[in-house]
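Reader: I am new to this structure. Please show me how to read its features one at a time.

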Amino acid sequence: MLPRISIITPSYNQAAFLEETIRSVLDQDYPNLQYGIVDGGSTDGSIDIIERYRDRCDFVIIERDGGQSEAINKGLSRADGQVIGWLNSDDTLLPGALRLVAERFAADPALSWLIGTATRIDARGRPLGELTPTGDFTLAGALIRDTPILVPQPATFWRRALTDAVGLLDESLHHCMDFDLWCRFMAAEHQPLLLSHALATYREHESSKTCSQADRFIVALIGIEKRYRHLLPLRDQMRLLRRIGFQERALAVRLAKVRPWRQVLRRPWWLLSQQVRAALLGTVVGPPSQA
């Protein structure tokens with residue numbers, strides 16, 4: 001028997017893409033689906049779109065909230081599926097994705113989470129390339145990132161029992177909240193199944209947080225690294241501290257929009273850092289890809 005799957009869409013002023021997102025879920029024709037939409041009080045016509053589909057949704061919540069993490073948690077708290085995930089209001093599921101996900105979970109009762117590939121698309125839906133899950137999916141691997149970790153968020157699903165055990169999203173985080181959740185999965189020693197199948201699209205456009213707020217992602221990432229550092233072996237803690245120092249120096253240079261070289265001239269040893277050199281050249285390394 002295929003498991004019940006709960007999908008949550010957080011919505012806020014993404015009317016240009018929202019209907020495509022909703023239809024991509026409902027048109028899956030998956031027989032055991034719970035779909036909920038949580039809107040934080042959009043003013044751009046999104047609510048009119050949601051109302052057109054209300055009778056096909058299992059629940060709709062329209063009220064002010066404290067941001068994306070709170071909106072997702074409101075939906076996840078009402079999720080009754082054995083398998084859950086969220087789909088942002090500018091992304092889509094690809095045809096047949098939920099049935100494939102359900103079959104994998106049904107075939108392996110020990111499977112706790114699953115990550116597929118996602119197709120990058122632009123604002124007009126044109127393909128830009130593929131996002132394939134890669135990296136060392138251990139807590140040390142995720143935090144230290146000798147090999148960059150890539151988790152296409154819209155193509156990620158897990159058993160509800162997993163968040164019952166480790167908790168929902170941290171509502172104080174407005175960036176990298178998904179990476180924080182994956183870190184808790186890995187800290188609890190859960191390994192994902194990596195699929196080579198494309199399950200979703202990930203939209204890149206000027207108003208998305210990933211594209212428009214890169215510095216805030218880096219600040220959030222550093223905070224998450226510090227949060228979980230104590231769970232690593234001492235040697236890995238020292239390696240992570242060194243990486244955090246590099247990132248903080250690179251960010252300081254990047255944020256010094258006027259004469260960033262002054263930051264380095266006062267601290268010439270910073271030039272030993274690859275991140276600082278990259279920042280001075282305008283190619284600072286950003287957060288791990290959490291598409």
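Author: Start with a term: a residue is buried at under 20% relative accessible area, exposed at over 50%, and partly exposed in between, with a 1.4 Å probe and protein chains only. Helices (H or I, at least four residues) and strands (E, at least two) are DSSP runs, numbered from the N terminus. This is a predicted model, where local features need pLDDT of at least 70, side-chain atom pairs count only at pLDDT 80 or more, and totals for chains, interfaces and linings use all residues. Residues are numbered from 1 along each chain as its sequence is written, and side-chain values use heavy atoms, with hydrogens and water left out.

Reader: How many helices and strands does the protein have?

Author: The protein has twelve helices and nine strands. Of its 291 residues, 53% count as buried.

Reader: Why is helix α3 described as largely enclosed?

Author: Helix α3 spans residues 68–77, and seven of its ten residues are buried, so the rest of the structure largely encloses it. Those buried residues are Ser69, Ala71, Ile72, Asn73, Lys74, Gly75 and Leu76.

Reader: What do the buried residues of α3 pack against?

Author: Packing is read from contacts, meaning heavy atoms within 4.5 Å. The partners of the buried α3 residues are β1, β2 (33–39), β3 (59–62), β4, β8 and α7 (177–187).

Reader: Are the faces of strand β4 covered or uncovered?

Author: Both faces of β4 (residues 83–86) are covered. Val83 and Gly85 are buried on one side, and Ile84 and Trp86 are buried on the other.

Reader: Which strands does β4 pair with?

Author: Two strands pair if DSSP finds at least two bridges between them. Strand β1 (residues 5–11) runs parallel to β4, joined by four bridges, and Ile8 stands opposite Trp86. Strand β8 (residues 156–159) runs antiparallel to β4, with two bridges; here Val83 has Arg159 as its bridge partner.

Reader: How many bridges link β6 and β9?

Author: Seven bridges pair β6 (residues 113–121) with β9 in the parallel sense, and Arg120 stands opposite Tyr202 of β9. Strand β9 (residues 193–203) also pairs with β5 (residues 92–93), in the antiparallel sense over two bridges. In that pairing, Thr92 has Thr201 as its bridge partner.

Reader: What share of the contacts joins residues at least 24 apart in sequence?

Author: Among contacts between residues at least 6 apart in sequence, 74% join residues at least 24 apart.
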